[in-house]
Amino acid sequence: MKLRFNVIYGGIKSNIVLSTFLVILLSFGLIGGCSKSGGNSGQSGINIRFTNVTVQAGLDYVHGFLFGGPATEAQLISGGVAAGDYDNDGWVDLYVVRGTTGANLLFRNLGNGSFQEVGQSAGLALSGTIGSGPTFADFSGDGFLDLFIGGVFPTKVSFFLNNGDGTFSNITDAVLETAVLSNNTFSAAFGDYDMDGDLDLFMTHWGSGTVKINGSSEHLWRNNGDTTFADVSIASGIASTYQGEPDFTFSPNFADINNDGYPDILLAGDFVTSQVFINQKNGTFVNTTDSNVITDENGMGAGVGDYDNDGDLDWFVSSIYDPNMVAEANWGISGNRLYRNNGDGTFDDVTVAAGVEHGFWGWGSCFSDFNNDGNLDLLHVNGFGFVEDGLAAEFFADPTRLFISNGNGTFTERALELGLDDTGQGRGIVCFDYDKDGDIDIFITNNNQSPKLFRNDGGNTNNFLSIKLNGLSPNREGVGSRVTITVNNQNQMRELRVGSNFVSQNPVRAHFGLGNAELVNLVQVDWADGETTVLQNVSSNQFLEIDHPNL
């Protein structure tokens, strides 16, 4: 086993490969470090500032539609971005869909704060399509990220195989055993629900009509291990929830919410249809949704993370908060929901106590530690309505919401104060360290508008640790594995997922804020296949890669 380090000190980066001998020294604590007084307490959110660097970074494109704008509600909702290192050079790249105004774009991260558009040469410049929810995932298991692209009617789903040389091949016609008949496919998530080593697929189909009795909902697709997928929505029990019911599903996430080692499914859905499906470890799921707790009226985006650092995954669902408390049309008014995990896969609604209900018309969401203080913060974008739509006019210029954790289970909204000045028609978001300076930046895709890239300036005042896993084939990114760190007797946990924020994803990497701590006492990787890696006394401020024990 080897560890690979990319260390940042004063802006100087150095790459180090540690042999098994040094791993042993680390594991037994024979190589240590020092920590600042105060443990992992760090600087507050006031010390960070977000700077709009969209144009400088080369991301100045426009999402839109020919002939004046989106013609349907589904088009108005669509869009998004995939985020991942498709060329394996260590930097996160972006793939964006553009509506019908122009070809989709692949932005290769150059590692100098800017991106180069290479969609045409990579074979990904789809044009004339209404794409939605693009997702990078290594569903072929060869160590290179492949690409899934959803679509809004009349556009169907697409699959592209990464050739490993910077190009992709369109393999759509050969991937699915049966065609997707649903009109719309908004978002996707990948995870190994059957624990056979490869990544399975979950799709969402808001606005696609009523699911036929005894018919498939076309949500869950099992990877056959040969880059093909079989529809198992009926066999898995997922489709039973939707028999004779309209499909309003939006944001899916595979997440082990009951800590049994098997990925469950958290599914944000519109019109009070968010669902919790528990994995039965035999290829089937049981719907355990508690309607007295899961009460979001218009579930749209989702964030999954352990915001209270108690070792289990909590769930945030963005929804609609109507400022005048009057529903001018068929939407709810009560706002977002934060569901705190009780540790057994059941939840408590702690939204009001946490202070995160007021989000306007929410969409893409994520948990991330933006100020590196050791507590996950919460971000989501907003906006809805046609310009000429008087009923929804109050939501057309909704501001982005950034809830900074107070470290006690509550949050304070501070977006505008910290420079996150965005009132666009936000849909997808990526929370990622695009410039690898040790803090989390934000990329926002807007519907029928230009995107925005906000650079985090000051988050790296506090220390950090970023961890990438190198797993066994076919799960080369270690999806479903958990990384837990201990700093001064306080734990933080991240589960590596290919999930959906809403029509968007974060890269598969575990970022930890450390506050003032210069030493991580313990790093434990619980691999998805049951293996465990333990390291002790790991220095802060580095990008660390950990190989599976059997590599």
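Biologist: What makes the link of C366 and C431 left-handed?
Modeller: The turn about the S-S bond comes out at -80°, and with that value the link is left-handed. Mind you, this is a predicted model: local features need pLDDT of at least 70, side-chain atom pairs count only at pLDDT 80 or more, and totals for chains, interfaces and linings use all residues. Residues are numbered from 1 along each chain as its sequence is written, and side-chain values use heavy atoms, leaving out hydrogens and water.

Biologist: Why is the pairing of C366 and C431 called a disulfide?
Modeller: The term needs a pair of cysteine sulfur atoms within 2.5 Å. Here S to S is 1.9 Å, so C366 and C431 qualify. Searching the whole structure turns up one disulfide. C366 sits in strand 24 (residues 362-368) and C431 in strand 28 (residues 426-432), so parts 65 residues apart in sequence get tied together. Strands, by the way, are DSSP runs (E, at least two residues), numbered from the N terminus.

Biologist: Are C366 and C431 buried or exposed, and why?
Modeller: Buried means under 20% relative accessible area, exposed over 50%, partly exposed in between (1.4 Å probe, protein chains only). C366 has 1% and C431 has 7%, so each counts as buried.

Biologist: And Q505, what makes that residue buried or exposed?
Modeller: Q505 has a relative accessible area of 1%, so it goes down as buried. Q505 belongs to the loop between strand 33 (490-495) and strand 34 (510-515). Its contacts (heavy atoms within 4.5 Å), not counting residues up to four places away in sequence, include A83, F136, I429 and V498.

Biologist: Which domains does the protein chain have, and where do they run?
Modeller: The domain assignment gives domain 1 (60-463) and domain 2 (464-547); bounds like these come from an automatic or database assignment.

Biologist: How many polar contacts and salt bridges does the rule find across the interface of domain 1 and domain 2?
Modeller: There are 27 residue pairs in polar contact, both at pLDDT 80 or more. Salt bridges (a side-chain nitrogen of Lys or Arg within 4 Å of a carboxyl oxygen of Asp or Glu) number zero.

Note on methods
Helices (H or I, at least four residues) and strands (E, at least two) are DSSP runs, numbered from the N terminus. A polar contact is a pair of N or O atoms within 3.5 Å; within protein, one must be able to donate a hydrogen and the other to accept it, and residues adjacent in sequence count only if both atoms are side-chain atoms.
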